[in-house]
Amino acid sequence: MKLRGYSVALLMVCSLAPLAIAQSGQSNLNASPTNEQYVPRLGDIMIAVQTRHIKLWFAGKAQNWDLAAYELRQLKAGLLEAALLYEGIPVSNVTTMTKPVQSISDAIDAKDGKRFAKAVGELTDGCNSCHQTMQRGFVVIQTPTAGPFGDRSFAPSKKP
Ligand code: HEC
């Protein structure tokens, strides 16, 4: 029972922590959870990475390079978080992602849609290589076709 009490307390801490971060305002936007706060499950980090992979693609397709750069940063942070929090992930599988991430970043800087598409393809291959080596070969990532985010506009916004 002691254990259960602990678990409930942990659950409460877990569910309240994001609220605290949300309430403490803008300056904490870069805050990342520490181990004491909340350790996201690897599969959940991956779902976030998948979301960024999709948004990155549609941002680039819409030539919204600011948004593409932002989604790439988020994607990178997700992969880094996975590697830091989960020691079982082979480091080499993460480091091989740096090359396609850099190529995407270069394509974004150059506002080059063709290079961007090629580099996202390489990134996607990297996702799948890691899944294969980690007995998750059944998780197959491809270039997004239809996006699930019907409420999101990927077009560049008119700057105020
Ligand atoms: C370094 C290794 C590694 C890399 C790189 C990697 N993944 Fe994963 N991914 C995993 C592992 C391990 C799992 C299984 C997690 C689990 O079973 O809890 C996983 C699971 C997933 C899942 C399944 C989650 C679910 O519940 O549906 C998705 C989606 C996913 N990854 C997307 C991606 C995408 C997109 C990329 C590339 C941008 C990527 N992953 C790159 C290791 C990796």
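## Legends for a helical protein chain with its ligand

**Figure 1. The protein chain as a whole.** Buried residues account for 28% of the 160 residues in the protein chain. The model shown is predicted. Its secondary structure consists of six helices and zero strands, and the pattern read along the sequence is α-α-α-α-α-α. Taking contacts between residues at least 6 apart in sequence, 68% join residues at least 24 apart.

Figure 2. The ligand is surrounded by 18 residues. Sorted by class, this shell contains 13 nonpolar residues, four polar residues and one charged residue.

Figure 3. Three helices each supply at least two residues of the shell around the ligand: H2 (42–61), H4 (91–95) and H6 (113–133). Which helix gives the largest share? Helix H2 does, with six residues.

Figure 4. The residues closest to the ligand are Met-46, Cys-127, Cys-130, His-131 and Arg-136. Of these, His-131 has an N or O atom in its side chain 2.8 Å from a nitrogen atom of the ligand. Arg-136 places a polar side-chain atom 2.9 Å from an oxygen atom of the ligand.

How values were computed
Residues are numbered from 1 along each chain as its sequence is written. This is a predicted model: local features need pLDDT of at least 70, side-chain atom pairs count only at pLDDT 80 or more; totals for chains, interfaces and linings use all residues. Side-chain values use heavy atoms; hydrogens and water are left out. A residue is near a molecule or strand if one of its heavy atoms lies within 4 Å of it. A polar contact is a pair of N or O atoms within 3.5 Å; within protein, one must be able to donate a hydrogen and the other to accept it, and residues adjacent in sequence count only if both atoms are side-chain atoms. Helices (H or I, at least four residues) and strands (E, at least two) are DSSP runs, numbered from the N terminus. Ala, Val, Leu, Ile, Met, Phe, Trp, Tyr, Cys and Pro count as nonpolar, Asp, Glu, Lys and Arg as charged, and the others, Gly among them, as polar. Buried means under 20% relative accessible area, exposed over 50%, partly exposed in between (1.4 Å probe, protein chains only). Contact means heavy atoms within 4.5 Å.
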